[in-house]
Amino acid sequence: MAPAGKPGRPVPPVVLALRRLPQPRLTGIGAGLFASAVMLTLGFLDLLLLDGSPVAYGLLFLPVSALTALWVRTADLVTAPIGVPIAFAVGVVPIAGGTGGFGGQAMAVVTALAVHAGWLYGGTLVAGVIASVRKVREMGRRQHHARSAAAGAPASPAPSVTGEAPGAGGRGPASGRAPRRRPVA
């Protein structure tokens with residue numbers, strides 16, 4: 001096994017497997033569209049293969065929520081817990097089973113959302129926890145970077161996330177310079 005940051009400390013196989021996954025960085029809208037498109041596709045597949053099983057749909061919603069929170073850009077982390085419940089509602093339309101036109105379909109979707117609220121809350125919680133952990137880690141990285149810059153030590157550049165602009169993620173303007181601060185009177 002390869003060392004992880006510190007010499008002599010092995011990297012767990014799960015972490016190595018996760019590092020091999022693609023690391024796209026989606027905007028907030030892109031993350032919402034990704035989750036909605038995947039959940040709508042899964043809803044149709046669930047209807048086709050499993051006759052609209054709500055348990056299968058709910059179980060598939062949890063990893064989609066996690067991937068959405070992992071793949072959203074750092075600057076748009078707040079959108080992950082907002083977009084996944086919308087995606088759940090979009091994807092539940094095929095398996096809701098309403099009849100009688102638009103009103104009957106709308107009532108079936110509302111009923112399905114109420115009955116399967118546990119899955120909805122669970123996926124939203126997964127996305128919220130992942131987004132919160134990512135935000136706390138980013139804040140710690142920025143604080144460490146600021147401390148080492150203030151101490152006069154040459155700070156190593158912050159690790160750039162593939163696909164993000166130099167100023168993305170709240171790291172300052174795109175020019176790479178820190179913003180000027182106003183003097184406190």
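These exercises work through the helices and aromatic pairs of a predicted model.

Residues are numbered from 1 along each chain as its sequence is written. Local features need pLDDT of at least 70, side-chain atom pairs count only at pLDDT 80 or more, totals for chains, interfaces and linings use all residues, and side-chain values use heavy atoms, with hydrogens and water left out.

**Exercise 1. The overall plan**

Task: State which secondary structure elements the protein has and in what order they run.

Solution. 
Step 1. Take the elements as DSSP runs: helices are H or I with at least four residues, strands are E with at least two, and both are numbered from the N terminus.
Step 2. The tally is six helices and two strands.
Step 3. Starting at the N terminus, the order is β-β-α-α-α-α-α-α.
Step 4. Now the burial. Buried means under 20% relative accessible area, exposed over 50%, and partly exposed in between, with a 1.4 Å probe and protein chains only. The protein has 185 residues, and 29% of them count as buried.
Step 5. Last, the contacts, meaning heavy atoms within 4.5 Å. Among contacts with a separation of 6 or more, 64% come from residues 24 or more positions apart.

**Exercise 2. Helix α2 and what follows it**

Task: Check the length of α2, list its buried residues, and describe the residue after it.

Solution. 
Step 1. The expected span of a helix is 1.5 Å times one less than its number of residues.
Step 2. Buried in α2 are G28, A31, G32, A35, S36, M39, L42, G43 and D46. Their cover includes α3 (54-71) and α4 (80-96).
Step 3. D51 comes after α2. D51 sits in the loop between α2 and α3.
Step 4. D51 is not a glycine, yet its phi is positive, about 60°. D51 is exposed, because its relative accessible area is 68%.

**Exercise 3. Aromatic pairs**

Task: Count the aromatic pairs and classify F34 with W71 and F61 with F88.

Solution. 
Step 1. Rings of Phe, Tyr and Trp (its six-membered ring) pair if their centres lie within 6.5 Å; planes under 30 degrees apart are stacked, over 60 edge-to-face, and the rest tilted.
Step 2. The rule gives three aromatic pairs.
Step 3. F34 and W71 have ring centres 5.5 Å apart and planes at 50°, so this pair is tilted.
Step 4. F34 belongs to α2 and W71 to α3, so the pair ties together parts 37 residues apart in sequence.
Step 5. F34 is partly exposed at 22% relative accessibility, whereas W71 is buried at 15%.
Step 6. F61 and F88 have ring centres 4.8 Å apart and planes at 70°, so this pair is edge-to-face.
Step 7. F61 is in α3 and F88 in α4, so the parts tied together are 27 residues apart in sequence.
Step 8. F61 is buried at 0%, and F88 is buried at 1%.
Step 9. Y57, F61 and F88 are linked by ring pairs into a cluster.

**Exercise 4. Helix α4**

Task: Check the span of α4 and find what its buried residues pack against.

Solution. 
Step 1. The 17 residues of α4 should span 24 Å, and the end C-alpha atoms are 24 Å apart, which agrees.
Step 2. The buried residues of α4 include A80, G83, V84 and F88.
Step 3. The buried residues of α4 pack against α2, α3, α5 (101-115) and α6 (117-150).
Step 4. G97 follows α4 and has a positive phi, near 80°.
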